[in-house]
Amino acid sequence: MHHHAQRTHTDAPHTGTVTWRTAAQATLHCLTGCAIGEVLGMVIGTSIGLQDAVTVVLSIALAFVFGYTLTMRGVLRSGVPFRRALTVAFAADTVSIAVMELVDNAVIVALPGAMEAGLTSALFWLALAGSLAVAFVVTTPVNRAMIGRGKGHAVVHAVH
């Protein structure tokens, strides 16, 4: 699967017009790391009764950690040294993760009762899933614009 995603990204130009499919695949890659961190942070915060703001900060921190880690994994596999891989991950994912986290946490916080709902509540899980879906839709055009300028996920494919 990684090979297919890599081929699609490298087939697309890194400047100029970028397909929506390429942007969606880059956003899906970002969403994977963000979702792991976001869900883990929300589950930890909710299960141990952290304040809403602390839970959100924990979720955001973990989203960045998992997002960068997933990008670095592929870059390191291609033989790039650790420090360079870290730099590539920061360049590739920072804006995408930041936009995604801003949107999905804004949605969760705005939904009445979502942050207070327990782990056994459908509201908790639907709010979390819905917030990530909204974040995907909002972040995809951001990634498309960045890739078209040779930024964002285009940076990862420059080292593959």
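Tutor: The expected span of a helix is 1.5 Å times one less than its number of residues, where a helix is a DSSP run (H or I, at least four residues) numbered from the N terminus. The model is predicted, so that local features need pLDDT of at least 70 and side-chain atom pairs pLDDT 80 or more, while totals for chains, interfaces and linings use all residues. Residues are numbered from 1 along each chain, and side-chain values use heavy atoms, without hydrogens and water.

Student: What span from first C-alpha to last does H4 reach?

Tutor: H4 has 29 residues, for which 42 Å would be expected at 1.5 Å a residue.

Student: At which residue does H4 bend?

Tutor: A bend is the angle between axes fitted to the seven residues ending at a position and the seven starting there. In H4 this angle is about 45°, and its position is Asp 93.

Student: Is H4 roughly parallel or antiparallel to H5?

Tutor: The axes of H4 (residues 82-110) and H5 (residues 122-148), lines fitted to C-alpha atoms over the stretch in contact, come within 8 Å and cross at roughly 150°. Because angles over 145 degrees count as such, H4 is, relative to H5, roughly antiparallel.

Student: How many nonpolar residues has the contact of H4 with H5?

Tutor: Contact means heavy atoms within 4.5 Å, and the residues making it include Val 95 and Val 99 of H4 and Leu 128 and Phe 136 of H5. Besides 4 polar and 1 charged residues, the nonpolar ones number 15.

Student: At what angle do H2 and H3 pack?

Tutor: The axes of H2 (residues 20-47) and H3 lie 7 Å apart. These two helices pack at an angle of about 145°.

Note on methods. Axes fitted to C-alpha atoms, helices over the stretch in contact; angles between N-to-C directions. Parallel < 35°, antiparallel > 145°, perpendicular 65-115°, else oblique. Nonpolar A, V, L, I, M, F, W, Y, C, P; charged D, E, K, R; others polar.
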